[in-house]
Amino acid sequence: MQMRFDGLLGFPGGLVNPSKETLEAGLSRELSEELGVAIPISAENHMESCHAPASSPSSSHLITHFYVKKMEEEQIMEVERAAASTAADHGLEVLGMVRVPLYTMKGGGGLASFLSHSFIGNARSQLVDSLLRFNLVSPKELHKALTHSLKIHTHTAEDLQAALVLTEVKRKQF
Ligand SMILES: O=c1[nH]cnc2c1ncn2[C@H]1C[C@H](O)[C@@H](COP(=O)(O)OP(=O)(O)O)O1
């Protein structure tokens with residue numbers, strides 16, 4: 001996955017105008033811009049399409065099309081190198097590639113922590129669906145990670161609330 005310009009986690013990709021290019025050609029173009037390498041995509045890589053509600057009142061509703069391509073570790077490392085060096089969008093729309101940890105540590109580190117971050121649109125569901133579909137994590141492990149993730153999320157919300165109260169106090173002093 002990647003850290004986006006807006007601080008949210010998401011998959012490489014972007015908007016495609018289907019009257020101008022096919023979904024697969026549009027995705028290949030976006031991958032070249034964001035990853036700095038040409039990755040051919042075909043209809044066989046399509047996993048799911050769904051209607052995603054607008055992420056903010058000012059943005060439009062979207063149909064998201066999710067594609068999955070299996071790669072060898074060496075190919076992934078090549079993509080990671082190119083994404084950080086030759087990709088046109090690096091440092092602009094994309095701040096870096098991130099690997100998804102497929103393990104959960106005792107204290108909740110790993111997948112549980114990863115899933116508690118903030119994701120763009122329906123990227124978290126896309127990630128969870130693909131982990132299950134390709135048997136990368138068992139349903140039991142994923143359930144455990146998501147349960148822990150929810151606790152981390154609640155703790156983060158409480159932490160943010162405490163920071164907000166603190167700034168309110170400081171704001172009134174000045
Ligand atoms: O990974 C994703 N999963 C689901 N929806 C996503 C993901 N990444 C982006 N989006 C949605 C949210 C945005 O409204 C649109 C366009 O994304 P963006 O990165 O801004 O596209 P461009 O590169 O600017 O074309 O898609």
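Predicted model: local features only at pLDDT ≥ 70, side-chain atom pairs only at ≥ 80, totals over all residues.
How many residues of domain 1 are in contact with how many residues of domain 2? Residues are numbered from 1 along each chain as its sequence is written.

**View 1. The contact between domain 1 and domain 2.** The chain is divided into domain 1 (1–99) and domain 2 (100–174), with bounds from an automatic or database domain assignment. In this contact, 15 residues of domain 1 meet 12 residues of domain 2; a contact requires C-beta atoms, placed from the backbone, within 7 Å. On the side of domain 1 that touches domain 2, the largest share, four residues, comes from strand E3. That side comprises nine nonpolar, three polar and three charged residues (nonpolar: Ala, Val, Leu, Ile, Met, Phe, Trp, Tyr, Cys and Pro; charged: Asp, Glu, Lys and Arg; polar: the others, Gly among them).

**View 2. The shell around the ligand.** The ligand is surrounded by 15 residues, each with its C-beta atom, placed from the backbone, within 6 Å of it. The closest are Gly10, Gly14, Leu15, Gly121 and Ala123. Domain 1 and domain 2 each contribute at least three residues to the shell.

**View 3. The open sheet E2-E1-E5.** Three strands (DSSP runs of at least two residues, numbered from the N terminus) pair in the antiparallel sense in this order; pairing requires at least two DSSP bridges. Strands E2 (9–10) and E5 (94–97) each have a single partner strand, so one side of each lacks a neighbour in the sheet. Met3 stands opposite Gly96 in E5.

Technical notes:
Contact = placed C-beta atoms within 7 Å.
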